[in-house]
Amino acid sequence: MYIFLDLDGVLVTEDKIPITDLELLEANYAKFDQTALQEFENVIRQYPNTKIVISSDWRTMFSLEEIKSRFSDDIAKLIVGVTPCAELQKFFRHREVLDYLESNHLTKEAWVAIDDIAEHFPKGTPLIVTNCYRGFDQPAAEKLTTLLQAQEAQSLKVKLHLQLDLVPEQKLPAVQWFLNHLETHGDSVLEALINASAAGEERRPGKNS
Ligand SMILES: [Mg+2]
């Protein structure tokens, strides 16, 4: 899944510092909020197939390398680019996301935008809106986890469909049943698979030795 990530109001929280305190304002300028960053990175770490595209105005002020350097190394590796700048118009940030997907032939990819300004996107867009003072917080992390989990279930289903040719004929009805079940109970099937693999890990001899 592609994540189009805004920074100001998401990983850089809006200052509540009085505008007169210039020294403090300068010290806090363009600094990532470490709680928000950690909250975001903890989610992404569970889904290493995720790709992150920076949609923030930062892309016009800093190089991609500079932006990446603010993230942990493992997460920075998942940042694949920045959106192009569209003309300032209604929903311009949504336009920029679509332009990025079109020019990279990714229009069939699942995506979600994370932004503190809902008005940049038309209704019905896959969007997680953050509170600009809190940034990417726990409720945002829960929403993103749900989306990434659903996406993982979906791509597992696609993979299984693609491999139907390889299934021996006598086992096809069972696999077909599984796929239908996945269709209606995707989340719970995925959860059962995750639990089963965790239980397998625990049972493995010598794990704690
Ligand atoms: Mg913003």
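Predicted model: local features only at pLDDT ≥ 70, side-chain atom pairs only at ≥ 80, totals over all residues.
Take I3 as an example. Leaving aside neighbours within four places in sequence, I3 is in contact with T50, I52, V112 and I114.

Let me step back to the whole chain. The protein has 209 residues, and 23% of them count as buried. Its secondary structure comes to eight helices and five strands. Along the sequence, the pattern reads β-α-α-β-α-α-α-β-α-β-β-α-α. Now contacts. Take those with a separation of 6 or more: 63% of them are between residues 24 or more positions apart.

Next, the sheet as a whole. In what order do the five strands stand? The order is β3-β2-β1-β4-β5, in an open sheet with parallel pairing. At the edges are β3, residues 79-82, and β5. Each edge strand has a single partner, so one side of each is left without a neighbour in the sheet. From one strand to the next, the twist averages 20°.

Helix α6 covers residues 92-103, twelve in number. From first C-alpha to last it reaches 16 Å, close to the 16 Å expected at 1.5 Å a residue. Which residues of α6 are buried? They are R93, E96, V97 and Y100. Viewed down the helix axis, the buried residues of α6 fall within an arc of 100°, so they line one face of the helix. The face turned away from that buried side carries E102 and S103, both exposed.

What covers the buried residues of α6? The cover includes β1 at 2-5, β2 at 51-54 and β4 at 111-115. The helix lies across these strands, running at about 145° to β4. Just after α6, H105 takes a positive phi of about 55°.

Now α2, residues 34-45. Twelve residues at 1.5 Å each should span 16 Å, and the end C-alpha atoms of α2 are 16 Å apart, which agrees. Buried here are A36, E39, F40, V43 and I44. Down the axis of α2, the buried residues fall within an arc of 130°, so they too line one face of their helix. Turned away from the buried side of α2 are the exposed residues Q34 and N42. And the cover is built from other helices: it includes α5 at 73-76 and α7 at 138-162.

H120 sits in the loop between β4 and β5, the latter at 127-129. Why does H120 count as buried? Because H120 has 21 C-beta neighbours inside 10 Å, and the cut-off is 20 or more. Who are its contacts? Not counting residues up to four places away in sequence, H120 touches F91, F92, R93, H94 and D115. F92 is 28 residues away along the chain, yet the C-alpha atoms of H120 and F92 are separated by 6.3 Å.

Last, the core. In soluble globular proteins, nonpolar side chains tend to be buried together. Here, the largest nonpolar core has 31 residues. Which members have the most contacts inside it? They are I3, F4, L5, V53, V112 and I114. At least two residues of this core come from each of β1, α2, β2, α6, β4, β5 and α7.

That brings us back to where we began.

Conventions
Residues numbered from 1 in each chain as written. Helix = DSSP H or I, 4+ residues; strand = E, 2+ residues; numbered from the N terminus. Buried ≥ 20, exposed ≤ 12 C-beta atoms within 10 Å, placed from the backbone. Contact = placed C-beta atoms within 7 Å. Expected span 1.5 Å × (residues − 1). Arc of directions from axis to C-beta. Pairing = 2+ DSSP bridges. Axes fitted to C-alpha atoms, helices over the stretch in contact; angles between N-to-C directions. Core = buried A, V, L, I, M, F, W, Y, C linked by C-beta atoms within 7 Å.
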